[in-house]
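Colleague: Got the model open. Can you walk me through it?
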Amino acid sequence: MTGSATPATPATPPGREARVPLLELRDLRVTFPVAGGVARAVDGLDLLVEAGETVGLVGESGCGKSVTALAILRLVGPDGHIAHGSSVRLEGRDLLALPGKEMRAVRGNHVALVFQEPLSALNPVLRIGAQIAEAVRAHESVTRATARWRAIEMLTMVGLPEAERRARQYPHQLSGGMRQRVMIAMALVCRPKLLIADEPTTALDVTIQAEILELLAELQRKLGMAVLLITHNLGLVAETTQRVAVMYGGQIVEEAATEALFARAAHPYTEGLLAAVPRLDEPRERLRVIPGQVPPATSWPAGCRFHPRCPYAWERCRTEAPPLLEAAPGHRARCWLVEEPARRTRADAPPGEKP
Amino acid sequence: MSPWRLAWRRLRVNRAAVAGGVLAGLIALATIAAPLLAPADPLAQPDPVGLQNLPPGAGHLLGTDGFSRDVLSRTLYGARVSLAVGLLAALLAVLVGGGVGFAAGLSRPAVDRLLMRGVDVALALPRVFLLLAVFALWEGVPLAAVILLIAGTGWFESSRLVRAHVRSLRDSDFVAAARALGAGRAGVARHLLPHVGATLIVCATLDIGNIILLEAGLSYLGLGVQPPTPTWGNMILEGKDLLFAAPWIALAPGLALLFTVVAFNLLGDGLRDALDPRRAR
Amino acid sequence: MTGPLLDVRELATHFTRRAGLFGTRTETVRAVNGVSFTIGRHDTLGLVGESGCGKTTLARTILRLVERTAGEVRFDGQDLFALGPAALRRMRRRMQIVFQDPYASLNPRMTIGRAVREGLEIHELARGDAADRRVVELLDEVGLGADAVTRYPHEFSGGQRQRAVVARALAVDPDFIACDEPVSALDVSVAAQVLNLLADLQARRGLSYLFVSHDLAVVRHVAPRVAVMYLGRFVEVGPAAEIYERPKHPYTQALLSAVPVPDPKTRRARIILAGDPPSPVHPPPGCPFQPRCHHPLKDATCTAVRPELRELAADHRVACHKAD
């Protein structure tokens with residue numbers, strides 16, 4: 001299946017069939033029981049991450065992006081349920097079939113996670129050096145002294161000044177930016193092949209965010225890991241990723257090389273998001289908005305999940321749910337406009353023109 | 001849907017709390033209906049020699065005590081004292097404590113400090129010892145005085161709880177918004193009252209069990225409400241010496257006490273979870 | 001001949017807090033440390049800065065939700081800090097505030113209707129049926145249906161709550177609204193809706209805004225004039241076009257370069273600042289920005305003398321010894 005306009009389910013670009021991808025999600029479904037029924041937080045998600053690349057997973061709150069991250073590590077909690085038929089493969093190994101003990105060996109060792117809020121992810125009563133050393137000893141049988149040495153080495157690598165002294169400090173003695181550096185050090189100390197960064201800079205100021213991004217890029221070059229960057233910030237995605245997947249309603253609605261996506265968004269949701277962000281490099285004008293709200297995960301709309309908010313929606317969108325369709329080679333969108341591009345005409349005013 | 005109804009919904013699905021609530025409700029009903037339910041006069045001694053210490057049976061469902069009085073009737077009437085003391089003292093304590101805490105939380109720092117230092121001192125007083133001393137000196141203390149004394153020595157905890165709650169809410173944005181609209185101290189108080197109400201309900205429910213136990217303990221020591229008026233505490237005291245010969249005399253009020261305290265504690269825990277604003281989304 | 005609506009002069013707000021093991025030492029947090037600016041009628045001043053720079057305290061001090069330490073705030077010519085309780089209450093009708101977190105700024109135990117009605121009642125603007133009608137009108141103005149009246153905050157999404165907060169502020173028909181990070185807690189698409197709403201309201205009602213945000217792109221979008229705050233002081237003030245196209249202060253330059261732009265084709269050189277912002281308890285000597293400054297001409301003057309704002313272009317003022 002190469003370069004055809006038919007619905008191409010696996011996103012394997014031509015010539016790559018033989019290689020096993022680093023991470024491969026197939027038909028991932030995660031549900032949570034809630035008061036009014038069942039929330040289908042992630043609902044049939046396919047995603048590939050190749051070794052060493054940076055992939056952005058973008059969406060607004062409630063789209064299922066964070067649940068996806070947790071599901072990869074099987075950390076969806078006691079209430080979350082990963083449906084039968086879902087598959088999460090790391091270098092070909094099905095993580096969902098692993099016994100608990102082997103799964104624990106994967107977490108932190110092969111796949112590491114960095115969260116948004118570094119203060120709540122660090123234990124407040126343990127020195128940071130000890131916390132990182134503990135992460136080493138959880139996966140490798142090394143002596144206490146070696147683990148400690150590895151911790152200090154890692155703290156130096158993430159650019160913490162006076163790492164040896166800092167290792168003896170407690171989390172509250174560090175600033176927000178330094179804490180996030182510590183979190184990154186802890187995540188990377190076992191040299192994982194994949195780092196999942198869930199809104200890693202959202203709680204930080206822009207100048208600190210810039211530092212952390214620079215650091216992540218540098219560490220990625222040094223350690224050769226892949227990064228799955230989960231964020232709502234389109235600017236971050238544009239500046240740091242090679243490929244990007246946009247999520248809406250528990251599904252991926254568009255997936256493309258980053259440049260292609262920003263140059264020519266195929267899905268109306270992506271198009272709307274891009275138009276809704278105030279731009280630093282453009283003067284004042286009225287923002288184009290996406291009307292309405294994200295529907296609750298308990299009752300996704302029939303047909304295309306975005307159709308109630310879509311400016312182009314027509315009859316077909318209300319009844320038939322579109323699959324991911326190939327808009328251009330390597331660029332796929334879950335939208336009937338790919339098949340009927342002539343319908344891309346808006347009822348309301350195009351962006352930039354005031355009514 | 002109002003936060004109260006949401007809390008009710010959450011409470012309804014909490015099995016332990018529902019069980020506690022139902023049990024507490026049944027106990028309360030039985031207490032009110034004691035004159036209808038009790039097969040005999042709790043004070044009547046039909047035949048102190050012939051009918052004493054009868055085991056449970058057809059005539060006396062829970063047997064009779066050393067004075068030939070019906071144990072079931074006495075247990076039902078004994079509940080009146082326990083529940084009256086528990087409910088009224090808890091209510092009173094929480095109202096006083098809530099009022100003081102609310103006032104302290106909204107006052108200027110000087111007034112707040114004065115009130116809270118007073119509460120600190122009061123909390124350092126040994127409550128049981130104090131009550132023992134008063135009741136030992138006051139013979140024939142009326143029920144109302146028992147209630148007042150227990151409430152008067154038990155409101156300090158809730159005042160601190162409410163003050164802490166008010167302090168934390170006072171800095172919240174919705175209070176700042178009310179002040180920006182021109183609301184004075186009364187306006188701010190109106191914003192905070194419903195929040196404090198939830199705290200007080202939990203406080204009171206959990207207090208009921210403690211106070212019932214406290215009153216039973218005092219009665220068991222022969223203080224507080226005096227015989228022949230039955231209370232669970234003095235019934236256990238009377239049954240103590242016959243624990244092996246006629247265990248039902250002490251066991252009936254003892255089990256009643258156990259079930260009542262457990263019922264109110266389960267209900268209180270459930271209410272706390274249901275009313276916790278952090279769980280409200 | 002009317003002066004500016006809001007005239008802030010040398011305003012300072014310091015907090016004292018206890019420090020040390022037994023709280024025996026007290027230290028002074030200089031949250032706002034000598035700030036002057038004006039806002040005209042139907043005007044917006046954008047205020048950007050990072051967390052801890054004092055921007056939120058400044059907004060709250062202007063509304064006298066926090067008491068000032070020094071300086072003055074004149075609203076329509078009246079000295080706000082000289083007002084007695086009754087006069088202050090009347091003044092509150094004219095100045096309102098919208099907070100960042102729409103979850104915290106509505107009382108969870110109060111219906112939306114009661115929240116909006118509160119201002120009407122306090123200032124006796126409407127009673128009974130008239131008040132009911134007014135509440136519905138206000139909700140309609142911010143894009144909420146009449147059914148919101150009897151509903152509680154938890155039944156609404158973040159964006160809808162923020163609309164309710166705006167309706168509450170509008171109830172007293174103010175001239176000025178301090179918007180403290182009004183869209184920072186909202187999703188991209190919802191934030192755009194609220195920003196458009198604020199713009200519409202300004203056009204319709206002739207409102208003035210102080211628009212506080214950490215997001216430079218948002219501020220550019222809403223404000224014709226922008227102030228950059230660092231460690232309790234303004235370091236640069238001027239027309240938005242000037243600030244964004246020709247930033248003069250090294251801090252503003254670093255801030256602008258750090259914002260990721262949603263366009264993979266523009267790769268800009270990022271200025272990475274060294275270290276974290278200093279604490280407002282112990283501001284560094286000389287220029288507050290000097291320990292992190294990357295300016296090539298930085299010298300002994302910078303570490304010794306605090307630069308005052310000076311005008312480098314029309315209406316464009318910068319507090320830097322070396323800027324030109």
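Modeller: One term to begin with: buried means under 20% relative accessible area, exposed over 50%, and partly exposed in between (1.4 Å probe, protein chains only). Helices (H or I, at least four residues) and strands (E, at least two) are DSSP runs, numbered from the N terminus. This is a predicted model, where local features need pLDDT of at least 70, side-chain atom pairs count only at pLDDT 80 or more, and totals for chains, interfaces and linings use all residues. Residues are numbered from 1 along each chain as its sequence is written, chains are lettered from A and ligands numbered from 1 in the order in which they are written, and side-chain values use heavy atoms, leaving out hydrogens and water.

Colleague: What is the strand order in the open sheet of chain C?

Modeller: The order is β6-β7-β8-β3-β9-β10-β12-β11, eight strands with mixed pairing. Two strands pair if DSSP finds at least two bridges between them. β6 (95–98) and β11 (310–313) of chain C are the edge strands, each pairing on one side only. From one strand to the next, the twist averages 20°.

Colleague: Which way do β3(C) and β8(C) run?

Modeller: They run parallel, joined by five bridges. T44(C) stands opposite Y209(C) in β8(C).

Colleague: And how many bridges join β3 to β9 in chain C?

Modeller: Four, between residues 44–48 and residues 225–230, and these strands run parallel too. G46(C) has V226(C) as its bridge partner. L47(C) stands opposite A227(C).

Colleague: Which strands does helix α1 of chain C lie across?

Modeller: Helix α1 (residues 55–62) lies across β3, β6, β7, β8, β9 and β10 of chain C, at about 155° to β8(C). Helix α5 (residues 158–170) of chain C packs on the sheet as well, touching β6 and β7, and its direction makes about 170° with that of β6(C). Contact means heavy atoms within 4.5 Å. Axes are lines fitted to C-alpha atoms, for helices over the stretch in contact, with angles from 0 to 180 degrees between N-to-C directions.

Colleague: Switching to chain B. Which helix gives the most to the nonpolar patch?

Modeller: Helix α12 (residues 248–275) of chain B, with six residues. L258(B) is found in that helix.

Colleague: Why does L258(B) count as partly exposed?

Modeller: Because its relative accessibility is 48%.
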